[in-house]
Amino acid sequence: MSAITTGSVPRLRRGVRLSYDQTRETHVLLFPEGVLVPNPTAAAVLRLCDGTTDVAAIAAKLGERYTGVREEEILDVLSRLGDRRIVEWS
């Protein structure tokens with residue numbers, strides 16, 4: 001994909017799973033290359049990467065729960081996760 005926009009639709013790449021570690025009380029992102037412990041903001045974004053919801057809708061949903069949500073910040077998080085091959089785009 002050439003440019004990620006607010007109309008882009010992210011999903012977790014095949015083989016990637018976001019789960020909650022009850023012992024550590026944090027989310028854990030499992031993928032073939034390793035394990036990542038996302039911060040709470042990234043975990044909230046990743047939970048909405050379902051392959052049908054675009055970035056603008058993700059921002060709107062997060063804006064209902066949190067103040068100060070900006071689409072640009074979500075694009076930045078998703079871009080970094082895309083670089084690490086954790087998310088891909090529909």
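User: Before we start, what should I know about the numbering and the model?

Analyst: Residues are numbered from 1 along each chain as its sequence is written, and side-chain values use heavy atoms, with hydrogens and water left out. This is a predicted model, so local features need pLDDT of at least 70 and side-chain atom pairs count only at pLDDT 80 or more, while totals for chains, interfaces and linings use all residues.

User: Okay, the sheet. What order are the strands in?

Analyst: The order is S2-S3-S4, in an open sheet of 3 strands with antiparallel pairing. Strands here are DSSP runs (E, at least two residues), helices are too (H or I, at least four), and both are numbered from the N terminus. Two strands pair if DSSP finds at least two bridges between them.

User: Which strands are at the edges?

Analyst: S2 and S4 (34–36) are. Each has a single partner strand, so one side of each is left without a neighbour in the sheet. From one strand to the next, the twist averages 30°; axes are lines fitted to C-alpha atoms (for helices, over the stretch in contact), and angles run from 0 to 180 degrees between N-to-C directions.

User: How many bridges join S2 and S3?

Analyst: There are 5, in the antiparallel sense. Among the pairs, arginine 17 has leucine 30 in S3 as its bridge partner, and aspartate 21 has threonine 26.

User: Is glutamate 25 buried or exposed?

Analyst: Exposed, with a relative accessible area of 61%. Buried means under 20%, exposed over 50%, and partly exposed is in between (1.4 Å probe, protein chains only).

User: What about arginine 85, what's its phi?

Analyst: About 60°, again positive in a residue that is not a glycine. Arginine 85 is in the loop between helix H3 (71–83) and strand S5 (87–89), and at 46% relative accessibility it counts as partly exposed.

User: Switching topic: where is leucine 62?

Analyst: Leucine 62 is in helix H2, residues 55–65. It counts as buried because its relative accessibility is 5%.

User: What does leucine 62 touch?

Analyst: Leaving out residues up to four places away in sequence, it touches Ala44, Val45, Leu48, Val69 and Ile74. Contact means heavy atoms within 4.5 Å. Alanine 44 is 18 residues away along the chain, and the two C-alpha atoms are separated by 7.7 Å.
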